[in-house]
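Please walk me through the ligand site of this model and the pockets in the protein.

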Amino acid sequence: MSIPYNNIDVCIDVSNIVHNYKQLDHVGGNAIPVIKSDAYGHGLIETARALDNVGAATFAVGTVGEAALLREAGFSGRIIALLGPQSRSDFNLLCERNILPFISRLEQLELLHETISARSASMPAAPAPVALKFDTGMARLGFTPEELPSLLSWLEEHDSIHVVMASSHLATADDPEQKNFVKEQARIFGGVASALRFSNVGGALLETNIANSAALLAYPDLRLDSQRPGIALYGANPFHGTAWEEKGRGLLPAMNVTAPVLQVRTLKKGQSISYGRTFHAPRDMRVAIVGVGYADCYTRGLSTREGASGSGGWMQLHGKRAPIMGRVCMQMTAVDVTDIPETRAGDRVLILGGSGANAITPEELAGWWGTIPYEVFCLLGLNKRRYLD
Ligand SMILES: *Cc1c(COP(=O)(O)O)cnc(C)c1O
């Protein structure tokens, strides 16, 4: 048994991820779980194992290294590496471990062809499957539609490589106000996909996908052959705070984070608390010092806003909400428990999760934090995790 290095308990309920997957797969028809970045902090292998058990046949990770780890853990299904190969060792891993890469520039095809040729010098190799990534408006990775003719002629000349998938990624699917940009990206992708289907390269069997969680839920026309949901698998509503909130209902968050009360103390009216004395007690108060801080990826940005009356964030204990007081420290944060008199040292405080009206939802914590649930999950998930069975 390993000794926990900090006081934070991150508990993952994978059955909620399974519930969300089933819902998304039912709506989309063919959902490929996106489990990059350690399954958004929920655990790469544990998440994949649970979804594999309920029939997920393909997984999408970020790096080729993540894909190799998944293979190492015994997954025999299709594994997509969304970031594509970046180094000599990545290209070798693709071939050795049968990983399907997203390819977004010609040089990657050339290096893949070289790798295959070098390997097949000793034994004949089957053509390597690839997914072509197209940039339709995100302007990060991918071939542009203008590059398509030269891409097609390169592929026609190299039968060491076999195109099995074409993909693109949407920039605004979670924002009802930016529907037009989604339509524009979809139109561009539609043109690319049909050009590939009518070429000798892709063929009619080419699999296409463009939908992330938000598009899977909100754009039936964009469900295509498969979909790539990430955030909704982990129970956050991509439409939180928008007119489409209803479309993301029924998803169950899977991450619960707690920390212990280290000490309960009194703060006399006028006394200050924590570094910088940014908070002075307006009356006599009870304070709980909770064992979580920015070293545990609980951001210092949740400190009381100076000059503002509102707290930077809340925790939950004994089913009630307690506001943060003063600055979040490295391994400690103070909360106001004046109205929760039953608080004792050793109590567990909820930082994220719980049920009922006072649950700390990922969307709410992200709002206080000034970010999105994606980042909250990825960061809090860096702490030691445990799994509910
Ligand atoms: C992360 C990612 C997704 C998943 O997006 P969500 O908004 O989390 O559903 C899908 N496709 C690609 C290429 C990604 O990088």
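A polar side-chain atom of Ser-213 lies 2.5 Å from an oxygen atom of the ligand, a polar contact in the sense of a pair of N or O atoms within 3.5 Å. An oxygen atom of the ligand also has a polar backbone atom of Gly-230 at 2.8 Å. On the side chain of His-169, an N or O atom is 3.4 Å from a nitrogen atom of the ligand. The ligand on its own has 390 Å² of accessible area, and the protein covers 92% of it; the areas come from the Shrake-Rupley method with a 1.4 Å probe.

This is a predicted model, in which local features need pLDDT of at least 70 and side-chain atom pairs count only at pLDDT 80 or more, while totals for chains, interfaces and linings use all residues. Residues are numbered from 1 along each chain as its sequence is written, and side-chain values use heavy atoms, with hydrogens and water left out.

The residues around the ligand, those with a heavy atom within 4 Å of it, are Val-34, Lys-36, Tyr-40, Leu-82, His-169, Asn-212, Ser-213, Arg-228, Pro-229, Gly-230, Ile-231 and Tyr-374. By class, this shell has six nonpolar, four polar and two charged residues. Here Ala, Val, Leu, Ile, Met, Phe, Trp, Tyr, Cys and Pro count as nonpolar, Asp, Glu, Lys and Arg as charged, and the others, Gly among them, as polar.

Where does the ligand sit? The space that the ligand takes is the largest pocket, where sitting in a pocket requires more than half of the atoms within 2 Å of its grid points. A pocket is an open set of points on a 1 Å grid over the protein atoms alone, with protein on both sides within 12 Å along at least five of seven lines, and its lining residues have an atom within 4 Å of a point.

The volume of the largest pocket is about 610 Å³, counted as the space filled by probe spheres set on the points. It is lined by 28 residues, of which Lys-36, Tyr-40, Met-138, Arg-140 and His-169 are the closest to its centre. Helix 2 (36-41), helix 9 (213-218) and helix 11 (373-380) are the elements that give two or more residues to this lining; helix 2 gives the most, with three. Helices are DSSP runs (H or I, at least four residues), as are strands (E, at least two).

The second largest pocket has a volume of about 400 Å³. Among its 23 lining residues, Gly-235, Leu-251, Pro-253, Thr-361 and Pro-362 are the closest to the centre. Strand 8 (255-267) and helix 10 (362-369) each supply at least two residues of that lining.

Conventions. Polar contact = N/O pair within 3.5 Å; in protein donor to acceptor, adjacent residues only side chain to side chain. 1 Å grid on protein atoms, 1.4 Å probe; cavity = no way out; pocket = protein on both sides within 12 Å on 5 of 7 lines; lining within 4 Å.
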